[in-house]
Amino acid sequence: MRPPVPSLGVLLLLLLPPPPGEATKKPTPCKRCRELVDKFNQGMVDTANKNFGGGNTAWEEKTLSKYEFSEVRLLEILEGLCGSSDFECNQLVEEHEERLEAWWLRLKKNHPDLFEWFCVKTLEVCCPPGTYGPDCLACQGGSERPCSGNGHCSGDGSRQGDGSCQCHAGYQGPLCTDCVDGYFSSLRNATHSVCSACDQSCKTCTGPTHRDCGQCEVGWVQEDDACVDVDECAAETPPCGDGQYCENSRGAFTCEDCDATCVGCTGKGPEGCKECVPGYSKDSGQCTDIDECSLEEKPCARQNENCYNTPGSYVCVCPEGFEETEDACVQIRPAGDEAAEENPTQLPSREDL
């Protein structure tokens with residue numbers, strides 16, 4: 001019997017490239033190398049105070065050389081570098097174990113920085129800080145202070161990127177030395193450029209206060225050489241809807257819903273109501289519930305009916321033991337009373353005597 005042939009749809013799915021972003025999740029060779037070196041350095045810290053563990057440390061170190069530089073210590077460090085399920089880490093260690101051993105036994109003294117020797121010079125997957133690309137060229141602004149210290153160099157420390165500057169907030173320009181709108185230059189010389197935030201009221205400025213604005217932000221207006229807040233809530237045409245009130249804030253405003261007891265309002269809560277909804281009335285300046293059950297004219301007109309007040313309304317309910325009819329609450333008679341009424345001449349039973 002022939003095996004089933006995959007459908008065209010399945011074949012297309014297999015041929016499609018991975019979704020965007022999936023490829024970027026895989027660490028770069030430089031990042032993998034750096035992580036390995038970090039774990040190696042941590043292994044050196046973890047084994048710094050150990051020895052051969054045989055009980056006679058002095059004899060062991062005299063006979064086997066010092067544990068500090070021994071292959072035994074190297075083996076302990078290597079064994080702790082990768083988890084059992086970390087395939088890429090284990091593959092990297094297996095591929096370069098001899099190089100790590102050579103550095104440990106012979107080259108460490110002349111090349112104490114394992115990252116520089118292993119990742120930058122030997123494997124050539126990373127670059128020194130402040131450099132980028134296949135040839136480890138200096139970033140914009142120089143390798144000592146890339147992007148004038150105000151941004152990140154694309155590819156910094158790796159064999160990737162183009163060395164261009166991705167400026168921090170407030171900075172712009174090829175070397176991140178210029179200020180964007182909302183910031184002003186508080187320090188600038190041959191080596192440093194510092195941009196500081198303008199006052200909240202300024203779109204552009206020359207200094208830190210609301211009197212240093214070149215142009216006001218939205219929600220602010222120029223008055224007496226300063227940017228002051230516009231009170232939108234005081235406008236002739238209210239900015240909020242009928243069931244809302246306006247609250248001004250610095251450079252803006254918000255529309256908040258009126259209290260549930262209000263018909264129109266000027267502020268928060270029942271005390272801000274212009275008028276009250278049915279079932280409420282103004283009392284001491286705020287809308288409070290009307291207790292309809294306490295009024296002279298009782299709202300529950302049927303005989304024996306009870307009145308219960310509720311927020312903004314009331315309910316009429318027959319008491320327990322009564323049933324509701326069209327015009328009254330009628331007491332429900334016990335079953336024995338009904339039987340006696342149907343047979344008025346029936347004698348009582350022996351048990352009742």
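In which loop does Asp224 lie? In this predicted model, Asp224 is placed in the loop that joins strand S11 (220–223) to strand S12 (226–229). The phi angle of Asp224 is near 50°, a positive value in a residue that is not glycine. Asp224 has a relative accessible area of 68% and is therefore classed as exposed, the cut-off for that class being over 50%.

A positive phi is also found at Asn304, where the angle is about 70° although the residue is not a glycine. Asn304 belongs to the loop between strand S18 (286–289) and strand S19 (306–310). With a relative accessible area of 38%, Asn304 is partly exposed.

A further loop position is Gly149, located between strand S2 (137–138) and strand S3 (151–153). Gly149 counts as partly exposed because its relative accessibility is 42%, a value in the range between under 20% for buried and over 50% for exposed. Along the chain, Gly149 and Leu175 are 26 residues apart, and their C-alpha atoms are separated by 9.0 Å.

The helical part of the model includes the packing of helix H3 (residues 29–46) against helix H6 (residues 87–107), with an angle of about 60° between them and their axes 11 Å apart. This angle makes H3 oblique to H6. The crossing of the two helices is right-handed. On the H3 side, the contact is formed by Arg32, Cys33, Leu36, Lys39, Phe40 and Met44, which meet Glu88, Cys89, Leu92, Val93, Trp103 and Trp104 of H6. Sorted by class, the residues of this contact comprise nine nonpolar and three charged residues, with no polar ones.

In soluble globular proteins, nonpolar side chains tend to be buried together. When residues up to four places away in sequence are not counted, Phe40 touches Leu74, Ile77, Leu78, Leu81, Trp103, Trp104 and Leu114.

Notes:
Residues are numbered from 1 along each chain as its sequence is written. This is a predicted model: local features need pLDDT of at least 70, side-chain atom pairs count only at pLDDT 80 or more; totals for chains, interfaces and linings use all residues. Side-chain values use heavy atoms; hydrogens and water are left out. Helices (H or I, at least four residues) and strands (E, at least two) are DSSP runs, numbered from the N terminus. Buried means under 20% relative accessible area, exposed over 50%, partly exposed in between (1.4 Å probe, protein chains only). Axes are lines fitted to C-alpha atoms, for helices over the stretch in contact, and angles run from 0 to 180 degrees between N-to-C directions. Angles under 35 degrees count as roughly parallel, over 145 as roughly antiparallel, 65 to 115 as roughly perpendicular and the rest as oblique. A crossing is left-handed if the near helix is turned anticlockwise from the far one by less than a right angle, and right-handed if clockwise. Contact means heavy atoms within 4.5 Å. Ala, Val, Leu, Ile, Met, Phe, Trp, Tyr, Cys and Pro count as nonpolar, Asp, Glu, Lys and Arg as charged, and the others, Gly among them, as polar.
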